[in-house]
Amino acid sequence: MAAGMRKRGRAGPAARAVGLCGQWLRRAWQERRLLLLEPRYTLLVAACLCLAEVGITFWVIHRVAYTEIDWKAYMAEVEGVINGTYDYTQLRGDTGPLVYPAGFVYIFMGLYYATGRGTDIRMAQHIFAVLYLATLLLVFLIYHQTCKVPPFVFFFMCCASYRVHSIFVLRLFNDPVAMVLLFLSINLLLAQRWSWGCCCFSLAVSVKMNVLLFAPGLLFLLLMQFGLRGAFPKLGICAVLQVVLGLPFLLENPVGYVSRSFDLGRQFLFRWTVNWRFLPEALFLHRAFHLALLTVHLTLLLLFALCRWHRRKYPVTAEGSLQKEGSTPAPHTQPDCFCPLHLQLHWHLLQPLPSLPVLRLVFPHIALPPVGHACTLAHTPAQVAGAGAH
C-alpha cells in the first residue's frame, strides 16, 4: 500500500506536467489564427522557424550547388596579410584590390585557418550556416522586444527566402558577418548597453563600410539619450576601435588604408546590381544618377528626423531626455509615451516585411508607425528604436 502511494506520488508531478502541456497545446490549436497574427507569440513561432531552418539550411548546403564569387578573392587578400604585406594598396584578390576595413581581415583570417587555407568550402558553408542561425535568433529577439510585427511574416524572412540562404551558405559573402554584428549591436542598445552596442556597431563597420548607412539612426539615438555632450564618449568608442583595428595598416600606409577601405567614390559595376537592373547601364554608371540617389537619401533622412523620429510635441532637453510641452525638465526620467525612432537596415538581409519588389521600389525606407502597442517591453528610446529597425 505504502509503495503504491509513493509510486502515485512520484507520478503526480509528471502527470501534472503532461496535463499542462496538453492544455497549452489545445489552447495553441484553438488560437492558431492568433498564433500567426499576435506579436506576443513571436518567441514560439521563432523557435519553430529556427528548428525548421536547421533542416532547410542543411538541405541547401548538400543539395544546391555552391557558386564561387568572392570567397577565393577574400582568401587571397587575407593570405597577403599573413605573408607580411600591410600596405593596403598591395593587397589584391581575383576580383580586384582589398576594399574592406581591417575587421574583415582579422575575421576572415580566422576563417582562412578554419577552412584549410580556404580550400574546405563545405566547412565554410557550415560555419556560415551557424552564423545564419545566430542572425535569425538576434533578429527574432529584436521583434520579441518591440512587439510590432505579426509572426507570420517571419516565414517569408527565412524559410521562404532563397536569396537569404544564397547570401549566407551558397555565396559566402562578407555581408552576413557585418550584419550579425549589427543585429547584436541593436540588441545591446535595446538592453541599454550603450557602450557595448557602439562597440559592436564599430566592429560591424570594420567588416564592411556599408554599415555606415545605419550611422544616422545610431547618432540620433545617442543624441536623444545623452544629449550632444554625452554622445561624444560613445562616438569616441566607435572611432578608437577603428583606429586600433587598423593600426598595423595605418602605420604602414595610412593614406592607402583609409582610401581603400573607406572609399566613398567607389564605382559599383552594373552586372552586380539587382534593384536597378531595369535601368540602362550608361544611366546606372552616370555620376549624376549617383548624386541624385544621394540627394534623395539625405532628404529622406532629414524629413524622417524632423517629422517622424522627433515630434515637436516632445522636445529634447539639453541633457538629452524627452520633455513634454509645459512641463519642467526631467533629465533622468523616461518618457510616458513612445517616440518613433527608426534604424535603417539592409534590404537584402532579413527584412521584417516580405521581400516584395513593389514595396521595395515604392518604399525605399519603410517607416513603421509609432509604437503605441499594449506590449510593455519597450519603454526607452533605444527599445522603441528596435520597432523601426529594418
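Colleague: How far apart do the end C-alpha atoms of residues 201-223 lie, and what share of the span is helix?

Modeller: Helices (H or I, at least four residues) and strands (E, at least two) are DSSP runs, numbered from the N terminus. In this predicted model, local features need pLDDT of at least 70 and side-chain atom pairs count only at pLDDT 80 or more, while totals for chains, interfaces and linings use all residues. Residues are numbered from 1 along each chain as its sequence is written, and side-chain values use heavy atoms, with hydrogens and water left out. For residues 201-223, the end C-alpha atoms are 16 Å apart, and the span is 70% helix and 0% strand. For residues 288-307, the ends are 28 Å apart, with 100% helix and 0% strand.

Colleague: Which feature does UniProt place at these residues?

Modeller: UniProt positions are given in the numbering used here, feature names are shortened, and annotations may be inferred rather than shown by experiment. The unreviewed UniProt entry gives "transmembrane region" for residues 41-61, 98-115, 127-146, 177-195, 201-223 and 288-307.

Colleague: How many helices and strands does the chain have, and what percentage of its residues count as buried?

Modeller: The chain has 16 helices and 2 strands. A residue is buried under 20% relative accessible area, exposed over 50% and partly exposed in between (1.4 Å probe, protein chains only). Of the 390 residues in the chain, 43% are buried. Accessible areas come from the Shrake-Rupley method with a 1.4 Å probe, and for residues only the protein chains shown count as cover. The chain exposes about 20800 Å², of which carbon and sulfur atoms supply 67%.

Colleague: Which residues have the most contacts inside the largest nonpolar core?

Modeller: A nonpolar core is a set of buried Ala, Val, Leu, Ile, Met, Phe, Trp, Tyr and Cys residues joined through side-chain atoms within 4.5 Å. The largest one here has 73 residues, and Trp 71, Phe 108, Phe 128 and Phe 140 have the most contacts inside it. Helix H6 (residues 121-146) gives the largest share of this core, 11 residues. A contact means heavy atoms within 4.5 Å. Leaving aside neighbours within four places in sequence, Phe 108 is in contact with Trp 71, Tyr 74, Met 75, Val 78, Phe 128, Phe 173, Asn 174 and Val 177.

Colleague: Is helix H8 mostly covered or mostly uncovered?

Modeller: Helix H8 (residues 162-170) is mostly covered, with 7 of its 9 residues buried. These are Val 164, His 165, Ser 166, Ile 167, Phe 168, Val 169 and Leu 170. Their cover includes helix H3 (42-63), H6, helix H7 (153-157) and H9.

Colleague: Where are the two side chains of a salt bridge found in this structure?

Modeller: Side chains of opposite charge can pair when their charged atoms come close. A salt bridge is a side-chain nitrogen of Lys or Arg within 4 Å of a carboxyl oxygen of Asp or Glu. A search of the whole structure finds 1 salt bridge. The side chains of Lys 208 and Asp 175 form a salt bridge at 3.0 Å, N to O. Lys 208 lies in the loop between helix H10 (194-207) and helix H11 (215-252), whereas Asp 175 lies in helix H9, so the pair ties together parts that are 33 residues apart in sequence. Both Lys 208 and Asp 175 are buried.

Colleague: Is Ser 185 buried or exposed, and what does Ser 185 touch?

Modeller: Ser 185 belongs to helix H9 (residues 175-190) and is buried, with a relative accessible area of 2%. Not counting residues up to four places away in sequence, Ser 185 touches Gly 197, Cys 200 and Phe 201. Leu 222, in helix H11, is likewise buried, at 0% relative accessibility. The C-alpha atoms of Leu 222 and Leu 189 are separated by 10.0 Å, and the two residues are 33 apart along the chain.
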